[in-house]
Amino acid sequence: MTPKGAEEKVPSIAETIQTAAGKAEIDFDRREQDTLLVRLSGSWEIGSDPPAVDEVLKHFQSLEGVREVAFDSGGITGWDSSLLTFLMDIHAHCIGKSIAVETDGLPEGVARLIALATAVPERKGARRQEERKPFLVRVGAVAIDFWRGA
């Protein structure tokens, strides 16, 4: 009940969505001496104010002896491309530091998209490139075609 004369605060749509969806949260735990468990919870959707990747990477750098990163996403209530972008940044950092990334604890769709995005890159020279002739060669060919057609 609101006292007489006091105004009742009505939450905005953004506040209601934020509260209903839950804030994106991250927590860390050393599962084993060389394995870091990253627990993800809440809503990992655009507008849910996820943790900054830079802050997470600073935490990674402060840990000694981590050779593998694993995930527990059981607390995630929703996700979209913002989760994937966040995880790809972490994945790139880990690979650059020779840290293995275990994606089994992620939502199935996320794990598949990361596997697809990190598949073996295309070999250089494997794709046929159409050779473009120099400008003067092309002008000369057009002039010769014109001369023969006239």
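**Figure 1. Asp49 in the loop between strand 2 and helix 2 of the predicted model****.** Asp49 is placed in the loop that lies between strand 2 and helix 2. The phi angle of Asp49 is near 55°, a positive value in a residue other than glycine. With a relative accessibility of 48%, Asp49 counts as partly exposed, because the exposed class begins only over 50%.

**Figure 2. Ser98 in the loop between helix 3 and strand 4****.** A positive phi of about 60° is found at Ser98, although Ser98 is not a glycine. The loop that holds Ser98 lies between helix 3 and strand 4 (100-102). Ser98 has a relative accessible area of 66% and is therefore exposed.

**Figure 3. Overview of the protein chain****.** The protein chain holds 5 helices and 4 strands. From the N terminus on, these elements run α-β-β-α-β-α-β-α-α. Of the 150 residues in the protein chain, 25% are buried. Among the contacts in the chain with a separation of 6 or more, 71% are accounted for by residues 24 or more positions apart.

**Figure 4. Contact of helix 2 with helix 3****.** Two packed helices are described by the angle between their axes and the distance between the axes. For helix 2 and helix 3, the axes come within 10 Å and cross at roughly 30°. Helix 2 is therefore roughly parallel to helix 3, as angles under 35 degrees are classed in this way. The crossing in which helix 2 passes helix 3 is right-handed. Helix 2 contributes Val53, Val56, Leu57, Phe60 and Gln61 to the contact, and helix 3 contributes Phe86, Asp89, Ile90, His93 and Cys94. By class, the residues of the contact of helix 2 with helix 3 are 7 nonpolar, 2 polar and 1 charged.

**Figure 5. Asp89 in helix 3****.** Asp89 lies in helix 3 and takes part in the contact of helix 3 with helix 2. Asp89 has a relative accessibility of 36% and so counts as partly exposed. The C-alpha atoms of Asp89 and Asp54 are separated by 9.4 Å, and the two residues are 35 residues apart along the chain.

**Figure 6. Surroundings of Phe60****.** Leaving aside neighbours within four places in sequence, Phe60 is in contact with Phe28, Leu36, Val38, Val69, Ile90, His93 and Cys94. Ile90, His93 and Cys94 belong to the helix 3 side of the contact between helix 2 and helix 3, and Phe60 belongs to the helix 2 side. Phe60 is also one of the members of the largest nonpolar core that touch the most other members.

**Figure 7. The largest nonpolar core****.** This core has 23 residues, of which Leu40, Phe60, Val69, Phe71, Leu87 and Ile90 touch the most other members. Two or more residues of the core are given by each of strand 2 (35-44), helix 2 (53-62), strand 3 (68-79), helix 3 and helix 4. Helix 3 supplies the largest share of the core, 6 residues.

**Figure 8. Contact of helix 3 with helix 4****.** The axes of helix 3 (residues 81-96) and helix 4 (residues 108-117) come within 11 Å and cross at roughly 50°. The two helices, helix 3 and helix 4, are therefore oblique to each other. Helix 3 passes helix 4 in a crossing that is right-handed. On the helix 3 side, the contact is made by Leu83, Leu84, Leu87, Met88 and His91, and on the helix 4 side by Val110, Leu113, Ile114 and Ala117. These residues of the contact of helix 3 with helix 4 divide into 8 nonpolar and 1 polar, with no charged residue.

Figure 9. Between the C-alpha atoms of Met88 and Ile114 the separation is 7.1 Å, with the two residues 26 residues apart along the chain. Apart from neighbours within four places in sequence, Met88 is in contact with Ile114, Ala117 and Thr118.

Notes: Residues numbered from 1 in each chain as written. Predicted model: local features only at pLDDT ≥ 70, side-chain atom pairs only at ≥ 80, totals over all residues. Heavy atoms only, no water. Axes fitted to C-alpha atoms, helices over the stretch in contact; angles between N-to-C directions. Parallel < 35°, antiparallel > 145°, perpendicular 65-115°, else oblique. Left-handed = near helix turned anticlockwise from the far one by under 90°. Contact = heavy atoms within 4.5 Å. Nonpolar A, V, L, I, M, F, W, Y, C, P; charged D, E, K, R; others polar. Core = buried A, V, L, I, M, F, W, Y, C linked by side-chain atoms within 4.5 Å. Buried < 20%, exposed > 50% of the residue type's maximum accessible area, 1.4 Å probe, protein only.
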